[in-house]
Amino acid sequence: MGKILKKGKVVILLSGRHAGKKAIIVKTFEEGTKKQKFPCALVAGMREGPRRVTRSMGKKKTEKNVSKIKPFIKFVNYNHIMPTRYTVSDIDLRTHVTPANMTKLDKNEESRKEIKKLFEGRYLQRGKNTSGVQYFFHKLRF
């Protein structure tokens, strides 16, 4: 059977502080890490998504609504994530988020700021939406 949890797959977190939020897998660890002794994935997602932006809004209002994005980065056990059918290939998080950045608090904050810029830029490029990106930026309804 093929591997389902791959880089770029959109997943839904099932437990913890960010339960019910969507995230993108940055890297998977089949045997775990030194700190996490279980199979886990490094994910980046949004605690709060962007507010709705329409064509009639001005530039200032658009920037204000998009700046509401609040990202998170964390290691998640495979048992606590549910993969979706969507993948996001055009947002490359691997260069900004690494397992080494997770150990230091200041590097973690820098990574979150860089991810926020990536998410904001990608959200504003709505003309080139793929189905995975559209799904990632919409609020989960359940």
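Where is the place of His18? His18 sits in the loop between S1 and S2. Helices (H or I, at least four residues) and strands (E, at least two) are DSSP runs, numbered from the N terminus. His18 is buried, with a relative accessible area of 8%. Buried here means under 20% relative accessible area, exposed over 50%, and partly exposed in between (1.4 Å probe, protein chains only). Leaving out residues up to four places away in sequence, His18 touches Leu13, Arg47, Phe72 and Lys74. A contact requires heavy atoms within 4.5 Å.

The model is predicted: local features need pLDDT of at least 70, side-chain atom pairs count only at pLDDT 80 or more, and totals for chains, interfaces and linings use all residues. Residues are numbered from 1 along each chain as its sequence is written, and side-chain values use heavy atoms, with hydrogens and water left out.

Five strands form an open sheet in the order S4-S3-S2-S1-S5, with antiparallel pairing. Strand S4 (70-77) and strand S5 (81-87) stand at the edges with a single partner strand each, so one side of each has no neighbour in the sheet. On average, neighbouring strands are turned by 35 degrees against each other, direction ignored. Two strands count as paired if DSSP finds at least two bridges between them. Axes are lines fitted to C-alpha atoms, for helices over the stretch in contact; angles run from 0 to 180 degrees between N-to-C directions.

Strand S1 (residues 9-13) pairs with S5 in the antiparallel sense over four bridges. Lys9 has Thr87 of S5 as its bridge partner, and Ile12 stands opposite Met82 in S5. S1 and S2 also run antiparallel, joined by three bridges. Here Val11 faces Ala23 of S2. Five of the five residues of S1 are buried, so S1 is largely enclosed by the rest of the structure. Lys9, Val11 and Leu13 lie on one side, and Val10 and Ile12 on the other.

In the largest nonpolar core, of 23 residues, Leu93, Ile115, Phe119, Phe136 and Phe137 touch the most other members. S2, S3, H2 and helix H3 (131-137) each supply at least two residues of this core. The largest share, four residues, comes from S3. A nonpolar core is a set of buried Ala, Val, Leu, Ile, Met, Phe, Trp, Tyr and Cys residues joined through side-chain atoms within 4.5 Å. Beyond its neighbours within four places in sequence, Phe119 contacts residues including Ile24, Met46, Leu93 and Phe137. Another core, of 11 residues, lies apart; Leu5, Leu13, Ile25 and Tyr78 are among them.
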